[in-house]
Amino acid sequence: MSSLALDFRPSVPTLDANVSIGRRHDRVVSVDSADGARAEMERAGISRAIAYAPHAAAYDSGEGNAMLMDAVRGSHDLLPQFVCNPASDDLAKTAAHVEAEGVRSVRMLPGLHNYPFRPWVVEPWLDWLADARIPVWLPVEYDLLGAVYSLDPRDVYDTLSERQDVRAVLSEAKYHDASWALPLVRSLPNLDFELSRFVVTGGITSAIEAIGPERVLFGSRFPDSAMSPQLYSLHHCGLDDDDLRAICADNAERLLGLS
Amino acid sequence: MSIDMPVIDFHTHLGSWGRFGVDGDPDRFVEIMDHAGIDAACINCIFYGDARRANDLVAEFVSRRPDRFIPVAFVTPHYPDEALRELDRAFDHLGMKYLKIYPDYFRKPNDDPAYFPIYEWLNERGLAVMAHATYSFDKPGVTPYDRFTALSERFPNVKWVLAHAGGWGPDKAIEAARDLPNVYLETCGSLAARGAIENSVRTAGADRVLFGTDMALLDARHQIGKIITADIPHDDKRKILGLNAIKLLDLEV
């Protein structure tokens, strides 16, 4: 007879490392505003979140990033993440925008933006990220208008293995990706691992065994996903309090230079 | 507040699936069930073209831990004569509790007439069958609503469990469970769409939602977390996490 608790709140401070804020025009998102995200964070017991704008991913990174700042500027709980498109954006302009707004992380989507994550495209951007000590999130895929645009893990390995001065986060790896995602992060000490879609059996434990708890980040992929289920799973993996704290917030804070 | 009742996982698989790193280790299976707070799991094996082999593996596995696993039968429509004999054997001799079919890999949608002898057999006994609600090879315009309306009219005593339809599935599946008396939504899936559990409960009713995990592919802790953290009443969580399965399968608790 199970004594399973019917309610859940996280036992440690939590920072969600993968949230988006804003509308998409290819479908309705369940929550599209900063206040809506905050309400869900309150319900889930999550105190802060790293957020990007879907419009910045799908259409115009500069405009989308500005829309994001309009929604979160000055807030202590929603930490803006800018989308960058090295294939079309102006690096100097983007760097100035990032600096002016105090943004501490960026997101690149090579599959969606149709460029290889190779030095002959991204090197100037990686130079900037390394100099500015800004980490880059690399989602495994992005879905738009019914199509899925994927990251090529071979590009990530070849490029980041030569750029140990760049810190990156592999984000949204899912069960289909289990065969290569953990070998990839294990092979790249400068590539951390965000958990939002990694729900394969024993996946959290496998990720920790592969790269240690100091390189694993909790994320939810809200609002496409609910905020709490993967956080619940993290709390039921038998982790000690230090490791749980690291994964739920400390590692992300360190990456962003907040601690 | 604790649940204080058996938690039943309606959807798990036995066997290895190297493509996705599924190893089928029984000790690991039980360890994760314990972490997740699951008392018993309905387990099937769908990885063989030979249903007899699959069902024997399930029966042998369950015999080692009958307190933790509930056997589920499997047959294939590709061998219709074998299928009916295997149904007799699986339910009457191996003690299977419901039927799992896998139309995705059979490459036949579950309203293909090849399944009808199987459904007729289930219909005579009033048993449940679980399958996905839609398929990549469906003809344009096919909806779970139309599909299960037709199936439940033809086989009114069969209980239709729509796998993956309670957590993120197509809306028409939820509407089918709302409008048809013998249609149920099972919750597992790699996505945890915000509000999906709440929508299933609000639209179809908590009585029509069954908790499942898809172990050993998907982690049971994430799957049960979708139910525990859903914004629904505790009594609804109890129904989804066990009471509905106990009633549907007439389990002795």
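Student: Why is Gln164(A) called partly exposed?

Tutor: In this predicted model, Gln164(A) has a relative accessibility of 42%; the class covers values between 20% and 50%, and therefore Gln164(A) counts as partly exposed.

Student: Where does Gln164(A) lie, and which residues does it touch beyond four places away in sequence?

Tutor: Gln164(A) lies in the loop between helix 7 (153-161) and strand 8 (168-171) of chain A, and, with residues up to four places away in sequence left out, it touches Pro189(A) and Asn190(A). A polar atom of the Gln164(A) side chain also lies 3.4 Å from the backbone oxygen of Ser161(A).

Student: Why does Thr201(A) count as buried?

Tutor: The relative accessibility of Thr201(A) is 7%, and buried means under 20%, so Thr201(A) falls in the buried class. Thr201(A) belongs to the loop between strand 9 (191-194) and helix 9 (203-211) of chain A, and beyond its neighbours within four places in sequence it is in contact with residues including Arg28(B), Ile32(B) and Met215(B). The side chain of Thr201(A) reaches the backbone oxygen of Ala216(B) at 2.9 Å.

Student: What makes the pair of Arg194(B) and Glu40(A) a salt bridge?

Tutor: The closest N and O atoms of Arg194(B) and Glu40(A) are 3.5 Å apart, and the rule asks for a side-chain nitrogen of Lys or Arg within 4 Å of a carboxyl oxygen of Asp or Glu, so the pair is counted as a salt bridge. Between chain B and chain A the count is 2 salt bridges.

Student: How much area do chain B and chain A bury between them, and which residues of chain B lose the most to chain A?

Tutor: About 3,100 Å² is buried between the two chains, 59% of it on carbon and sulfur atoms. On the side of chain B, Arg194(B), Arg221(B) and Thr229(B) lose the most area, together 23% of what that side buries. The contact itself involves 38 residues of chain B and 35 residues of chain A.

Student: Why is the ring pair of Trp17(B) and Tyr105(B) given the class it has?

Tutor: A pair of aromatic rings is described by the distance of the centres and the angle of the planes. The search of the whole structure finds 23 aromatic pairs over all chains. In the pair of Trp17(B) and Tyr105(B), the centres are 6.1 Å apart and the planes stand at 85°; the limit for pairing is 6.5 Å, and planes over 60 degrees apart count as edge-to-face, so this pair is edge-to-face. The pair links distant parts of the chain, with Trp17(B) in the loop between strand 1 (8-13) and helix 1 of chain B and Tyr105(B) in helix 4 (residues 103-106) of chain B, 88 residues apart.

Terms used
Residues numbered from 1 in each chain as written. Chains lettered and ligands numbered in written order. Predicted model: local features only at pLDDT ≥ 70, side-chain atom pairs only at ≥ 80, totals over all residues. Heavy atoms only, no water. Contact = heavy atoms within 4.5 Å. Buried area = accessible area lost by both parts, 1.4 Å probe. Helix = DSSP H or I, 4+ residues; strand = E, 2+ residues; numbered from the N terminus. Buried < 20%, exposed > 50% of the residue type's maximum accessible area, 1.4 Å probe, protein only. Polar contact = N/O pair within 3.5 Å; in protein donor to acceptor, adjacent residues only side chain to side chain. Phe/Tyr/Trp six-rings, centres within 6.5 Å; stacked < 30°, edge-to-face > 60°.
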